[in-house]
Structure formats: C-alpha cells, structure tokens
Amino acid sequence: MVFEQGKTGIGSTEKLFDMFFTHVGTHRDLGLTLQNIEGDIAKIHLPFQSKHADSIENGSLHTTAIATAIDSACGCAVMLHLGKPAAIATVNLRIDYMRKPEPGRGLVIEASCYQYAEDFIYVGAAAYQVNSKIMCCNAVGIFKSDTPGPVLGMEIT
Amino acid sequence: MINQKLIDFLEETPYARNYGTEIITSIPETECVTRWQNVFTGNPLLRAWHGGVVSGVLELTGTLAVINSAKTKECALLSINTSYLRPALGDKSLFSRATVVRSGKRVHTVSAVVWQNSPDEPTAIASLTFAGK
C-alpha cells in the first residue's frame, strides 16, 4: 500500500485529536485515546471495557465497539491528511474480522489515507492487539470532506 | 410475536444491553428500534449518531436475524460493508430490519437497513457475512 504524503503541518494536531476524543460522546464512552501519530498514520487506543464485551464472563471486545473505534480512527486519518479540522462524512466502510481479540485486552487501531480524489478520501485501517503484531481486523473506508455543517475543533486552529 | 431466544440474547449480552435495542418483531423479518442516547453522539455540533454506532445497530440486528433463522445461538461476524446514505439525526430513534439472504451450514449472509423517518428513506444499509457455529 502506498501512502500519499498528507499535509500534516498544523501545530495542534494532538490538541485537535484530544478534543475529538473528549468532546464526542461515543469516543468518551469507548475510552478512545490517541496513542501517537507516525507520519500519516494515526494510532488510536481502544481499551477493554466489560460493557463493550461480547459476553459477561471472559468477554472480548465486541465487533460493534471495534467498528465504532475504526470509524473514528479513519476520521482522524482523514483530518491528519487534510491538515485541518473539517466536516467529514463516512460514505462507505468495510471491515473484515479475522480474529477475536483476547479476553480483557484492548486494541490499537492504525489508520491512514492511501489515496484521495477531489472530495473523496480513501482510508485503510487495521486493528492489532495491544503490544502485539496480531491483526484482529482490517478495514477500508471512503470518506467525503467538506460536507455541509459545522466543523468540530475549528476554534482551536 | 417475538422469538424468546432473541430476547434472551439481548439481555445476556453486555454490548447489546449497552445499546438498549428493543425487538419490534421477529416474524417474518427481524425488526428493532434503538433509542437515542447521548453516548451515541458522533458529531456534537450536529448532534448526529456516530457512524460506528449506526454500523453496530446494523450488525446487532443482523446477528439477531441469524439467531432467529439459523437455529444457532452463536455466530461470529466475518465481514460488514456499510454504506451511509443519509445523516442519522440525534434525538431520533433508529429503526432497523435485517433479512437473511442465505443461511448455509457454516456461512450466513444477511442484508440490513436502518431508517429514522420511513423505510423508504434508509439512513444506512449493510451487507454482513457471519460464520455460524
């Protein structure tokens, strides 16, 4: 996969993502945090919480929680690529699940834009177990930028 | 009439309880309603549903449809492909319906749709593939 070089020049990227995770209800509920940014790759941490587990005893993170975290991680990758806060919308998201996460363990999601055309941004993402190279799922998404509506985080730039 | 297995599944599964999804009917197709909660917010300025939660509702409805039709209690999601057609507005419930396209020995293929105002105006659609156990 060839990653296009994005325009990641804004000085407050971490601040923007911090706001993205603390002000959005779903992100707070999932406990999402930015692990780090490596070039155009956004690494997002999804901790294990029993309320998002697939069973009461010995539960693993359920696929619905992973899907939400992947959608958000892809959104981060899009903003990283655009280099500014923007109103974006998910057009299509496909997620393939290869392996169930180990019970009680969180995931790290790596997302990055691999191509863009006009307003459409193509993103790839993968979820790995924390401190491991075991891939649990892979995703590809299409996002549209500059959709109508207010822009979250515009006031901090 | 609602299949008791589906009610049990919703009560016993932590993530499903977290969604608060209720079954409207399970015959002939599985239809559910998920009521708005602030923790479903994807964009606080628009007060809209998070795309991942919409995808989660589609998946949960699809899972219930497989359990309903395939006489299995467990199924694992292999793949989900979601297309987002309209914004999902906050403060409004999401209605969902899932149809089992084919239920084989090991693989179950499901299509699912969510809407807010009318089924003729879908908010999102998904194609799901499950592995049955």
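Analyst: Two residues are in contact, or touch, if their C-beta atoms, placed from the backbone, lie within 7 Å. The model is predicted, so local features need pLDDT of at least 70 and side-chain atom pairs count only at pLDDT 80 or more, while totals for chains, interfaces and linings use all residues. Residues are numbered from 1 along each chain as its sequence is written, and chains are lettered from A and ligands numbered from 1 in the order in which they are written.

User: Which residues does A:Ala73 touch, not counting residues up to four places away in sequence?

Analyst: With those neighbours left out, A:Ala73 touches A:Ala42, A:Ile44, A:Ile109, A:Ala111 and A:Ala125. The C-alpha atoms of A:Ala73 and A:Val123 are separated by 9.7 Å, and these two residues are 50 residues apart along the chain.

User: Why is A:Ala73 called buried?

Analyst: A residue is buried if 20 or more other C-beta atoms lie within 10 Å of its own, exposed if 12 or fewer, and partly exposed in between. A:Ala73 has 31 other C-beta atoms within 10 Å, so it is buried.

User: What makes a set of residues a nonpolar core, and which residues touch the most other members of the largest one?

Analyst: A nonpolar core consists of buried Ala, Val, Leu, Ile, Met, Phe, Trp, Tyr and Cys residues joined through C-beta atoms within 7 Å. The largest nonpolar core has 75 residues, and A:Ile70, A:Ala73 and A:Ile109 touch the most other members. Its largest share, 13 residues, comes from α3(A). Not counting residues up to four places away in sequence, A:Ile70 touches A:Ile95, A:Ile109, A:Ala125, A:Ala127 and A:Ala139.

User: In which element is the place of A:Ala73, and what counts as a helix or a strand?

Analyst: A:Ala73 lies in helix α3 of chain A. Helices (H or I, at least four residues) and strands (E, at least two) are DSSP runs, numbered from the N terminus.

User: What makes two strands a pair, and how many bridges join β4(A) and β5(A)?

Analyst: Two strands pair if DSSP finds at least two bridges between them. β4(A) and β5(A) have ten bridges, so they are a pair, and the sense is antiparallel. A:Ala117 stands opposite A:Phe120 in β5(A). Two residues lie between these strands in a hairpin, where A:Glu118 in the turn has a positive phi of about 55°.

User: How many bridges join β1(A) and β2(A)?

Analyst: β1(A) pairs with β2(A) over five bridges in the antiparallel sense. In β2(A), A:Ala42 is the bridge partner of A:Ile37. The hairpin of these strands has two residues between them, and A:Gly39 takes a positive phi near 65°. β2(A) is in turn joined to β4(A) by five bridges, again antiparallel, with A:His45 opposite A:Val108 in β4(A).

User: What is the order of the strands in the open sheet, and why do β1(A) and β1(B) stand at its edges?

Analyst: The sheet has twelve strands with antiparallel pairing, in the order β1(A)-β2(A)-β4(A)-β5(A)-β6(A)-β3(A)-β5(B)-β8(B)-β7(B)-β6(B)-β2(B)-β1(B). β1 (33-38) of chain A and β1 (22-25) of chain B each have a single partner strand, so one side of each is left without a neighbour in the sheet. The twist averages 25° from one strand to the next. Such angles run from 0 to 180 degrees between N-to-C directions, with axes as lines fitted to C-alpha atoms, for helices over the stretch in contact.

User: Which strand of chain B pairs with β3(A)?

Analyst: β3(A) pairs with strand β5 (residues 75-84) of chain B in the antiparallel sense, over five bridges. A:Ile95 stands opposite B:Ile80 in β5(B).

User: How many residues of each chain take part in the contact, and how do their kinds divide on the side of chain A?

Analyst: Chain A gives 34 residues and chain B gives 29 residues. On the side of chain A that touches chain B, β3(A) supplies the largest share, nine residues. That side divides into 13 nonpolar, 15 polar and six charged residues. Here Ala, Val, Leu, Ile, Met, Phe, Trp, Tyr, Cys and Pro count as nonpolar, Asp, Glu, Lys and Arg as charged, and the others, Gly among them, as polar.

User: How many helices and strands are there in chain B, and why is chain B called as compact as a globular protein of its length?

Analyst: Chain B has three helices and eight strands. The radius of gyration is taken over C-alpha atoms, and the globule rule is 2.2 Å times the number of residues to the power 0.38. For 133 residues the rule gives 14 Å, and the radius of gyration of chain B is 14 Å, so chain B is as compact as a globular protein of that length.
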